[in-house]
Amino acid sequence: MNQDGNISQDRIQIKICGLTDAETAAECALLGADALGLVFYPPSPRFVADALAVDIAAAVAGRTAVVGVFVDAPFQVIMDKVEN
């Protein structure tokens, strides 16, 4: 992220997916990850429940973007995650 909180377009960007704990997410952010992917697909071994997703997002707030990974989720399910 640049100083304005936006992802810079002038370099390769790194997104790390499938994180399942706040400590690892914070370490990834400190190491310069541009984005972290949280899996909201219950059959996945990398699935994160809402409360854990909130903890992970809080651990990296202001340092890296957090994105959701969904499989065939209805629009409203995705928007519910965004609003939490």
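Predicted model: local features only at pLDDT ≥ 70, side-chain atom pairs only at ≥ 80, totals over all residues.
Strand 1 is joined to strand 2 (residues 35-39) by three bridges, in the parallel sense. Within strand 2, Leu 36 is the residue that stands opposite Ile 16.

## Helix 1 and Ala 22

Helix 1 covers residues 22-30, and Ala 22 belongs to it. The relative accessibility of Ala 22 is 25%, so this residue counts as partly exposed; the class lies between buried, under 20%, and exposed, over 50%.

Apart from neighbours within four places in sequence, Ala 22 has contacts with Asp 55, Ile 56 and Ala 59. Val 71 is 49 residues away from Ala 22 along the chain, and the C-alpha atoms of the two are separated by 23 Å.

## The two sides of helix 2

Helix 2 runs over residues 50-60, and its buried residues are Ala 53, Ile 56 and Val 60. These residues are on the same side of helix 2 because they cover an arc of only 65° around the axis. Ala 51 and Ala 58, on the other side of helix 2, are exposed.

The buried residues of helix 2 are covered by elements that include helix 1, strand 2 and strand 3. One of these buried residues, Ile 56, is also among the contacts of Ala 22. After helix 2 comes Gly 62, which has a positive phi, near 80°.

## The cysteines

The count of disulfides is zero. Cys 17 is in no disulfide, and the nearest cysteine sulfur to its own, that of Cys 28, is 11 Å away. Cys 28 is likewise in no disulfide, with the sulfur of Cys 17 as the nearest cysteine sulfur at 11 Å. A disulfide requires the two sulfur atoms to be within 2.5 Å.

The accessibility of each cysteine can also be stated. Cys 17 has a relative accessible area of 39%, so it is partly exposed. Cys 28 has a relative accessibility of 13% and therefore counts as buried, as the cut-off for buried is under 20%.

Technical notes. Residues numbered from 1 in each chain as written. Heavy atoms only, no water. Pairing = 2+ DSSP bridges. Helix = DSSP H or I, 4+ residues; strand = E, 2+ residues; numbered from the N terminus. Buried < 20%, exposed > 50% of the residue type's maximum accessible area, 1.4 Å probe, protein only. Contact = heavy atoms within 4.5 Å. Arc of directions from axis to C-beta.
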